[in-house]
Amino acid sequence: MKHELEELLARAVARLREQGLLPDEGELPAPSVEPARDPAHGDYASNLALVLARAARRPPRELAEALLTALPPSERVERVEVAGPGFLNFRLAPAAWQAVVTEVLAQGPAYGTSSLGGGRPVQVEFVSANPTGPLHVGHGRGAAYGAAVASLLEAVGYRVHREYYVNDAGRQVDILALSVWLRYLEALGEPVAFPAGGYRGGYVAEIADALRRMEGEALRRAAAEVEEGLPPDAPDGDKEARLDALVARGRALLGEAAWRRVAELAGERVLEGIRRDLEAFGVRYDAWCSERRLVEGGAVARAVERLREAGHAYERDGALWFRASAFGDEKDRVLVRESGQPTYFASDVAYHLDKVERGFERIIDVWGADHHGYVPRLRAALQALGVDPQRLEVRLVQFAVLYRHGRKVQMSTRSGQYVTLRELLDEVGRDAARFFYVMRRAEQHLDFDLDLAKRQSADNPVYYVQYAHARICSVERQLREQGLERDPGRGERHLHLLREGHEVALLRLLARYPEVVEAAALAREPHQVAHYLRELAQAFHTYYNAHTFLVEEAGLRDARLNLVFAVRQVIRNGLGLLGVSAPEAM
RNA sequence: GCGCCCGUAGCUCAGCCGGAUAGAGCGUUGGCCUCCGGAGCCAAAGGUCAGAGGUUCGAAUCCUCUCGGGCGCGCCA
């Protein structure tokens with residue numbers, strides 16, 4: 001609807017240009033039409049005349065009149081008028097609104113989708129948490145947001161590839177392996193003081209049990225032997241140095257092969273848990289990309305080499321640096337450490353280069369907001385490699401703070417004191433979690449009220465929307481119980497009877513849905529869909545309370561049923577985009 | 001110290017590529033069930049859009065500064 005009006009305006013502009021009322025050369029702003037906020041302003045309004053006033057060097061109102069005259073007639077538009085400082089207000093013919101019901105029912109699940117993206121490939125990488133422990137509620141937000149953005153892009157016609165980057169190379173994995181091995185030794189009666197920087201979660205001990213079942217006592221070493229001559233742990237010493245020394249000692253005592261077995265077991269177990277949690281959360285991926293594969297396959301070395309060949313890398317203090325400061329970053333960054341080990345940054349450059357080479361025109365990364373300082377260096381690297389840095393789009397997601405009984409739930413990753421995504425799912429359920437996570441703009445801090453998420457009442461927006469859906473299903477059941485026959489064709493022929501204020505409000509909302517999906521997809525803002533659904537549900541509940549659908553008169557009854565079934569379809573489609581179910585009964 | 005994000009009703013937030021009287025939910029107060037599910041509906045009260053300048057015909061929206069909150073400034077990931 002919106003686009004049709006914009007098309008009419010574009011033709012009016014073209015005509016005015018022919019008449020010399022508008023400058024013939026140069027780009028003019030594209031006409032834009034918005035749903036009118038105030039019903040007194042009609043159904044849609046355009047500020048085109050105000051926007052063009054300067055270029056045309058004419059008063060906005062005069063220009064608006066000219067546009068009005070030049071506007072081609074349309075049977076869907078009942079009236080257009082100039083108002084206020086120069087707005088064009090459109091009032092649509094009632095039939096234009098009523099037709100949306102038939103459109104929704106005909107398109108079904110496809111209503112709201114479009115081909116805007118033209119099948120262009122887009123990659124969305126999200127969550128990508130280190131496989132060193134279970135996902136927590138912070139990752140949950142990234143998961144819900146990333147999945148919703150991916151669905152939205154798919155809905156508007158992009159070919160979307162969902163990917164999880166697994167940081168399985170690097171020091172963190174060794175620390176996990178170490179933590180598991182120490183728990184294993186402990187269980188065998190060789191207690192080594194657990195390092196301050198080790199992973200303490202219960203899952204570590206579980207993996208240690210598995211290790212014992214697989215390896216028996218083969219990896220047992222005397223505690224004294226493990227600790228002998230190591231630097232002190234925090235608070236007296238440096239906990240990082242202690243960790244590195246423990247890892248080195250473990251490697252030496254077990255041998256590289258055995259150490260790798262421990263590390264792989266631990267990494268796989270944790271990743272398996274992450275996969276299961278995401279699955280339960282309704283989040284699916286097309287690919288899981290392993291950092292270790294990039295390193296071992298030489299992709300990282302190649303990326304580093306390309307930077308060096310392009311003259312953007314140099315050696316200093318025994319390390320290899322990338323000249324990031326030449327590409328807008330605040331300082332240069334290390335690619336290869338003094339030790340010869342590539343940094344995380346180096347593999348990330350390789351990974352993003354790989355994304356580009358795989359042909360993704362647009363690369364969307366969803367990161368925790370604490371990584372924001374990392375964006376400029378990655379962009380810098382892409383630019384240095386001759387890739388347009390605009391192709392990389394980083395979406396930052398702020399943390400979620402849980403509230404229980406009105407109090408903040410304290411969390412700290414370090415001590416392992418955090419609420420896992422799994423626990424959240426067990427407590428509030430998948431639907432409430434998914435919806436709550438995307439209710440707010442991603443870059444806004446989220447206060448997650450656990451009590452509200454569990455509440456089964458109108459205060460809870462998830463239930464409120466789902467209830468509207470279930471209620472419509474209930475109407476359908478009621479229809480059968482009353483022995484009434486529904487005839488959709490008869491409903492379609494009687495859509496002109498839908499003239500009540502509540503009905504018109506619903507029609508307008510239904511017509512707006514595709515615009516909401518499009519706007520939400522382009523802005524990467526699933527919260528727009530959540531807000532829209534609440535609005536739609538409210539309009540439905542209001543209608544439900546004000547009018548009976550199952551009336552005697554068959555024509556009106558079927559028209560109303562067509563309307564509410566269209567509402568049901570849109571609720572289902574919208575909830576689907578957010579990963580929330582649409583129950584038939586509650 | 002530098003950089004990024006944020007500050008809108010008692011609370012949680014929309015609105016932010018400038019546009020017509022600043023919206024919603026919760027909470028508060030008062031109403032609505034012989035009627036398709038009351039997990040619902042209706043109504044009222046509630047605002048110096050953090051503050052100060054600037055740009056503009058027009059600023060919650062753009063720019064500058066100040067104040068307040070969060071995050072980041074590793075050869076960690």
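Which residue forms a salt bridge with Asp43? I found Arg508, with the closest N and O atoms 2.4 Å apart. A reminder to myself: this is a predicted model.

**Entry 1: the domains.** I looked up the domain assignment of chain A, which gives domain 1 as 2–92, domain 2 as 98–111 + 458–578 and domain 3 as 171–275.

**Entry 2: where domain 1 meets domain 2.** I began with the C-alpha centres of these two domains, which lie 31 Å apart. Next I checked contacts: 7 residues of domain 1 are in contact with 4 residues of domain 2. Between them the two domains bury about 490 Å², and 36% of that area is on carbon and sulfur atoms. I then looked up the polar side and found 4 residue pairs in polar contact between domain 1 and domain 2. The salt bridge count between these domains is 1.

**Entry 3: the cores.** Which residues touch the most other members of the largest nonpolar core? My answer is Trp181, Leu424 and Tyr437, in a core of 164 residues. Helix 22 (residues 554–578) gives the largest share of this core, with 12 residues. I also came across a second, separate core of 36 residues, with Ala303, Ala324, Ala381 and Ala384 among them.

**Entry 4: around Trp181.** Leaving out residues up to four places away in sequence, I listed what Trp181 touches: Leu219, Arg221, Val226, Gly250, Leu253, Leu254 and Trp259.

Conventions
Residues are numbered from 1 along each chain as its sequence is written. Chains are lettered from A and ligands numbered from 1 in the order in which they are written. This is a predicted model: local features need pLDDT of at least 70, side-chain atom pairs count only at pLDDT 80 or more; totals for chains, interfaces and linings use all residues. Side-chain values use heavy atoms; hydrogens and water are left out. A nonpolar core is a set of buried Ala, Val, Leu, Ile, Met, Phe, Trp, Tyr and Cys residues joined through side-chain atoms within 4.5 Å. Buried means under 20% relative accessible area, exposed over 50%, partly exposed in between (1.4 Å probe, protein chains only). Helices (H or I, at least four residues) and strands (E, at least two) are DSSP runs, numbered from the N terminus. Contact means heavy atoms within 4.5 Å. Domain bounds come from an automatic or database domain assignment. Buried area is the accessible area (1.4 Å probe) that two parts lose on being put together, summed over both. A salt bridge is a side-chain nitrogen of Lys or Arg within 4 Å of a carboxyl oxygen of Asp or Glu. A polar contact is a pair of N or O atoms within 3.5 Å; within protein, one must be able to donate a hydrogen and the other to accept it, and residues adjacent in sequence count only if both atoms are side-chain atoms.
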